[in-house]
Each structure stands twice: as C-alpha cells, then as structure tokens.
Amino acid sequence: MKAYGVNELRRMFLNFFESKGHLKMKSFSLVPHNDNSLLLINSGMAPLKPYFTGQEIPPRRRVTTCQKCIRTGDIDNVGKTARHGTFFEMLGNFSFGDYFKREAIHWSWEFLTDVVGLDADRLYPSIYLDDEEAFEIWNKEIGIAKERIFRFGKEDNFWEHGSGPCGPCSEIYYDRGERFGCGKPDCTVGCECDRYMEIWNNVFTQFDNDGHNHYTELEQKNIDTGMGLERLACIVQDVDSMFDVDTIRELREHVCRMAGISYGQGEESDVSVRVITDHIRSVSFMISDGIMPSNEGRGYVLRRLLRRACRHGRLLNIKESFLTELAQTVIDGSKDGYPELEEKKDVIMKAIRQEEEQFDRTIDQGLVILGEMKEKLDKEGVKTLPGEDAFKLYDTYGFPLDLTKEILEEAGISVEEEGFQKAMEVQRKTARSARKETNYMGADATVYESIDPNITSEFVGYDNLTYESRITVMTTEEAVVDALSDGEKGTVFVEKTPFYAVSGGQEADHGVIVCKDGEFVVEEVVKLLGGKIGHVGRMSRGMIKTGDQVTLQVDPEKRALSARNHSATHLLQKALRTVLGTHVEQAGSSVNEERLRFDFSHFSAMTPDELKKVEDLVNDSISQSLPVVIKNMPIEEARKTGAQALFGEKYGDIVRVVNMGDYSIEFCGGTHVPNTGEIGAFKILSESGVAAGVRRIEALTSKGLIRYYNTLEERLNDAAKLLKATPETVADKISHLQAENKELRGEIESLKSKMAKDAMGDVMDQVDEVCKVKFLAVSVPDMDMNGLRDLGDQLKEKIGEGMVVIASTSGGKVSLMATATDGAMKKGAHAGNLIKAIASCVGGGGGGRPNMAQAGGKNPDGIPDALAKVKEVLAGQIKG
C-alpha cells in the first residue's frame, strides 16, 4: 500500500466519486447558511441539510465533497491527547433519492481496497442489528464472512435526531495492528482502544420517525456518508495520530523548530505543540471564511483558539509573535484543496497579527495578576477562584474563561463559573443602559470612532440606483474588521454610494451590496461625522472584505414610493400654510415607502373643513403634474427665491432647492419625483396633537393609499356579508338594525321592571328591624347595577323609612347596592360605610354616600354571609 499524502487522498476520493456520476462540489464555508442550530459547520452533511429536507433542490442527485469542519465541544481535551482536534476534513458522497445501500456499500469497499489499496483482510464492516439488507450485501455480494460483520444496536449504528428522516448505519473499521491495541484478550471491533479505527460511515436514511418512535418507510431514500480525511491518512501512512500525517506533521515540526525542541521528548511540551498545531489550522480556515475575533458567537470561538495558542507558545518559550508564520505553513499545506486560503492570505495574516499583538500587550500583566490570585487561594487553603476574579481577568486582560480554567487546572484549582456569568451579565446591563441612542443596531457608537477620520463617502444616488465602488472600511457591532461573513451583522463603508442615508425625516434606502464572493443586505443607511455613510445590515451569503470592488443596488420600488411620499410632504406644507396661515412651520416628519407623517406648528385642532381644503389643494397640485426642478445654489440666492427652510436647521453655503412648479419651493436634500403627477393621490388619515402647539398629520399616497382602500373594501364586504346586505345597502341595514335594537332594548327594560316588581312583591315579608329602623336585605338573580338601583328605590318607597340592601350575580360577578332614607340617616344609618363593611364577604370592595352606595365582588358564594352581616353593621351604626 502506498503512503498517499493528505492532498493526494482528497483528490483520489473526489475523482473516484466523480467517476461514479457525482457532482464534485467545493467545500462550503465554515459559517452555516440559514442554519441557526449550528455555530460552525461540524460535519460533511451539515451544509447539505436543505437538500435532504427538500428546502432546496440539489444541483445534482449525486454529490461528493470534502468539507472543512470545526468541532469545539471537547476543546479542553485538545492537546492533552493526540486523538482530539478542533479542525478536520470530512470526505463524503451523498445521494438525494438516487442510489441506495447496494451502490454505497460497493463503492466504499471499492475505494478503500482497489483505489487506496487497503488490505481487505484488515477491514471489518458493522451494521445495525436488524439491517438484513446491508448484511446480505456485505456477506453475499462483497464476500465478507458473517463472523467478520459486526451487529450493533441503536446507540452505535442507527442515526436519528428526534423526529424526521433517520436510518441505520454501516461503518467500516480498519485493524491497525496489535501495537495500537489495549492487549485485552477480548479486544475487537468496538473496543475503546486505538486498534480498530472507524474510517467510513454509511448512513442509510430510509425511515421517518414521527417523534414517538413510530417508523415509516421514506418514499425518497438518501445516502449520507462520511470519512475523516485525517483518519484515512493515519492508516494509509501508518502513523500514530493525525498530528503525524504529512501536512499536519510539517506544521507540528515547524512549531518545534520555533520552540527549539523535538516532539515526543516531553509530555508537557507535546501538549503545547499539539494545541498550537491544531488551533492555528482552525484559526486560518475560520478567518478565510470571514470570521473575525470578537467576544460573541463564532468570533469568540476564534478568539479562544487564538489566545489559547498564544499562551501555549509562551509555555514553549516562543517569545516573539509567531502565529502568522505558522499560518503560512497551513496555507502552503492546504491551498491545494482550499485555494481560498491563498486568496485570503492578507486578511488571515492581518487578523492573526492584530489579535496576537493585542493579547501580547496584556497577557504578561494578566499572568502576574492570576499568579497573585493563586497565591492568595493557596494561603487561604481554597481550591476555587471566585467568579468575579475570573471576570476581572477576562474584562481587563482579555483572558477567556477557558484559558483561566486551563491555567488553574494545572494547579488543581477550579473556577466558580456562576459568579463569572453574573458579573458578565451586570456588565452587559450596564453597557446597555449607558448607551446613547444611535442608528447602529442598538450598539454603542464608539465602534465608529475608531475609523480613520480621513475615510469619507460620496453620495451619488440622485442620478443612480446602481453603482460600482470599493469597500474602504467595515465594522461589526464591536470593532473595525477586515471581513464580514454569512450571517454576521455589520456596517459597510464605500467610496461612493447610491444609497440615501436616513436624513431630513426620509428613511434610508434598502438594497444589497454584492461582489463575486458574497452578498450584504442593506437594512439601514446612516450618516456619520466626517462625511461617512454607513450601510448597516447583514451578510446573506458568502464573504466580503475591505478593498473588494462591489456593486451597490438600491431597491428601486422602495426608493420610488419613498420619493412620492416625500414630495407629498412639500405639497402638504404649502397647503397648510395656505389654509391655516404662514405661522405653520415644519416641526418634524417621517417618510418611508408606506406612509408619511408631518408635524407642524399650529395651536388648535384642525376642523373637518380645514382638513378637506388641505387635502383638496394637495390633490389639485398632484393632478396638475407640476414639474419638480432641483438646483444647487448659494444659500443667499436661494433665500431670495422664497424657498422654505426647515426651522432650526443648519445649512452650508450651497443648498439644494426643490421647486414644484411655482407652488412649493423648499430647501431639501431628499429624493423626489420628477413631476407631482407620479404621486398619484393623497389622503389624510388623521390629525392629532403631539405636543403643545404642535399638530401631526398622517397620510398616504400611491400604493400605500391603494392598499388602504383595498383593505377598507375588504372590511366593507365582510361587514355586508355579516349583515346579509350589499356594500351599497350597508348603511340602510345598519339603520334598520339600530331601530330594531332600540325597540328590543325597550322591551327588555319593561321585562326587567316587571321582574323587579315581582321581586318586590316576593320579598316584603323579609323586612326586619333593628333599633326601630326597618331594613331589607335581599338577593335577586341576574340584575345589573342600574336595575338594582331602580329596584332599591321601589323597595325603599314600599317600606317607608329604613335601609334597603340588594345583592345580585351576573356572569359570575357580584353586585351590591345599599340605599337609605332620610329618616334612617338621621338615626345614624350610612349606606357607604355599610357596603364597605359587607363587601369583603363577596371578595370585593366599594363604598359611597350615606344615602346610596354600591360595590362589586368576585365570590357569589359569599352573598348569604354579606346579607346576614347587614343587621350587625346597621345595629352598630344606629347605636353609634
């Protein structure tokens, strides 16, 4: 067997499956696309999920890839053993409803034995317990003896992730020989030692799990395979671990040369060598895909890896900055399969250099502080570092929590992580509350203050909706960066832009910034000090970097609709000054593609007649299709034209004047229609007060107005259906129903009155007396407070002098009412105090005047107790 190199094995695999009708696709980015379940791509199948789920149509039903992957779940073990690493390459062949088990098994065997040349007698397949189909293929067709085919259960050989597509697996193991084994007599396939290494996994996606472990056959069966390239290279090159395969060994030896040591001569130094070797691979590939160091998400993973590598460089006594030199070795060793490493070389080097220099400035001081903390713990006999101390190291000296934990672990000390997280949250809350209002995605504006003040932007959007320019600088929410990648939020600055930034009440343009490597969706555009225009948004795919030549494309419909609404505000202001007087000044505005809002100085609500006059004047100007002429002129010359300026606004020596016929003339830097006829129509929706002496009009034009009328029409039609009328007869139908309702209400009131009289006749024998004051405490069903008051008056008249208390329930709620005659009040009776005293019995409260009071409650079961308490309370009042 030939000892093929990593790059050669990669080519062999891809070419083999290309010969089997597979489309050879380049590795996807490490940044997941539209997949929030992953921080980083961690398997060959992960970026292909949309093809397996049917969300996207694959470019071909057979695909093969070599996918770069990063897994950081066991980052603490990287370096401690030679088995763990964060970066790896996954070879894979995939079928989306095309071939299935037979082809997948045959081709995996053919590649390993015929192409690579592995000894067939050292290969052992495993299958799922009940997968007889796979067994038959391995046994009858490939010719593997049944005792060499291992059956494993669900835990090992059945792939599923909750509900959805799932299926059995068939893995292929290679016997590396006794020197890699554990020496146990029962050592065989499945043992935890390194002798039998799993190198290939065929996943047969053939079932659908309903989430309750009920399985049905999938109509479209898929194949998902994976084989670790580094593992295959270990076997082919007959070396101990991935750190010994050709390309990684060269990197490992480079680290050793820098440290002046030999690998394998000391366990502690070997750990550091492996950490640096692994981490610089991950770092180089991550940056090439646009990930930049930060304190959150993928950027934080990158920072952790970089700083962990820096620290282990110190442990090896590598004094100078060294990671960029190692990154060059990574690029040289892997650019054959990943040309983007060479293409993004400058970005990789700059990002690593800056991060390494930044950490170098603080690591020495941080290590001293950590040493002092450790000494204090030793003196106190404590083995746990308080979380706030760990946070101080993170916040002041840039020590990721993992780095602090790793350093202290060597001394048998742990970190109180809960306290660290609490301190972190306090900082986040403090930062949020201290931020000033900005247009930058809610983040602190200081991120812009670090931009070179010489960088400026020129707006070219009056005459262009598409423009080519060069990216001059970019930021995330936290820092200036050299690149942005898929899913990241940030701000892009270019030399010239057609995008209108939010200004003068007009909202910003939306659109996209595209180049050959990526697309950035513009969600906001802001003006900054120094003539900068920032395009705020997110990466929708790929990567863009500083210096890229890009095409900026403004959403033409949003721009056109916004322009119509903006031009309408000019006509509106003129109409308001005409109808209300020249005291009207613009006090603010907000314009976008959907509607317009205009604030103006005026001291009373507008009448319906005034609103109609204003609306008619605006629509008249629209119907005349007045030409909109825009000129730049000296401010003094502009003022002589009578142009309206925004009150309190500061203008330069040259101003932009927008003239709509001879009707409206204003200073304005916004975008407008070429003639007023394009506005279409204008409708005022509301007029209201927003502050002392300031009124607000909200209005619609163009498509926004059409949508408004369409909605009204839909609601009118819905109302007509409910009324069993037509839209034309809705008003007549409502008038008829109102008259009918009035008649029915009268009948209801008559019935209630009759019920009250019936109740009165039934309860008169319940009149009681206390201290020579008559009282009646009764309950009647389903009567509201108005009915209770009417009934109370009738009962009070019936008993002559005294107190009447009535309770009723309706809809589970209790109503209490008490009323007292003049004679009873003279003897001390007080309806308000009485109600207050008994309302607690029904879970409520209330009160009122001496002659009449009422209360509500939530407990109908308490009514008997409340009525029984009346005599006691009234007796106390009379005695008093």
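Colleague: Which are the buried residues of H6?

Modeller: In this predicted model, they are Leu229, Glu230, Leu232, Ala233, Cys234, Ile235, Val236 and Gln237.

Colleague: What makes helix H6 largely enclosed by the rest of the structure?

Modeller: The count. Helix H6 covers residues 229-237, and eight of those nine residues are buried. Buried means under 20% relative accessible area. So H6 is largely enclosed by the rest of the structure.

Colleague: What follows H6?

Modeller: Asp238 does. Its phi is positive, near 55°.

Colleague: Now a strand residue. Why does Thr701 count as buried?

Modeller: Thr701 has 2% relative accessibility. The cut-off is under 20%, so Thr701 counts as buried.

Colleague: Where does Thr701 lie, and which residues does Thr701 touch?

Modeller: Thr701 lies in strand E28, residues 694-701. Leaving out residues up to four places away in sequence, Thr701 touches Arg564, Asn565, Ala568, Leu596, Ile679, Ala681 and Phe682.

Colleague: On to charges. How do you know that Asp244 and Arg252 form a salt bridge?

Modeller: The closest N and O atoms of Asp244 and Arg252 are 2.5 Å apart. The rule asks for within 4 Å, so the pair qualifies.

Colleague: Buried or exposed: what are Asp244 and Arg252?

Modeller: Asp244 is at 14% relative accessibility, so Asp244 counts as buried. Arg252 is at 7%, so Arg252 is buried too.

Colleague: What makes Lys101 and Glu133 a salt bridge?

Modeller: Their closest N and O atoms are 3.4 Å apart. That is within 4 Å, so the pair counts. Lys101 lies in helix H3 (residues 101-115) and Glu133 in helix H4 (residues 132-142), so the pair ties together parts that are 32 residues apart in sequence.

Colleague: Why are Lys101 and Glu133 put in the classes they have?

Modeller: Lys101 has a relative accessible area of 2%, so Lys101 is buried. Glu133 is at 40%. Buried is under 20% and exposed is over 50%, so Glu133 counts as partly exposed.

Colleague: How do you know that Lys24 forms a salt bridge with Glu18?

Modeller: The closest N and O atoms of Lys24 and Glu18 are 3.6 Å apart. The limit is 4 Å, so Lys24 and Glu18 pass.

Colleague: Why do Lys24 and Glu18 count as partly exposed?

Modeller: Lys24 is at 37% relative accessibility. Glu18 is at 39%.

Colleague: How many salt bridges does the rule give, and which residues are linked in a network?

Modeller: The count comes to 50 salt bridges. Glu343, Lys344, Lys516 and Asp517 are linked in a network.

Colleague: How many positive and negative side chains does the chain have?

Modeller: The chain has 110 positive and 140 negative side chains. The centres of the two sets lie 4 Å apart.

Colleague: Now the whole chain. What is its radius of gyration, against that of a compact globule?

Modeller: The chain has 40 Å, whereas a compact globule of 880 residues would have a value near 29 Å. Along its principal axes the C-alpha trace spans about 115 × 85 × 70 Å.

Colleague: How many helices and strands are there, and what share of the residues is buried?

Modeller: The chain has 25 helices and 34 strands. Buried residues make up 50% of the 880.

Definitions and conventions: Residues are numbered from 1 along each chain as its sequence is written. This is a predicted model: local features need pLDDT of at least 70, side-chain atom pairs count only at pLDDT 80 or more; totals for chains, interfaces and linings use all residues. Side-chain values use heavy atoms; hydrogens and water are left out. Helices (H or I, at least four residues) and strands (E, at least two) are DSSP runs, numbered from the N terminus. The radius of gyration is taken over C-alpha atoms; the globule rule is 2.2 Å times the number of residues to the power 0.38. Buried means under 20% relative accessible area, exposed over 50%, partly exposed in between (1.4 Å probe, protein chains only). Lys and Arg count as positive and Asp and Glu as negative; His and the chain ends are not counted. The place of a charge is taken as NZ of Lys, CZ of Arg, CG of Asp or CD of Glu. Contact means heavy atoms within 4.5 Å. A salt bridge is a side-chain nitrogen of Lys or Arg within 4 Å of a carboxyl oxygen of Asp or Glu.
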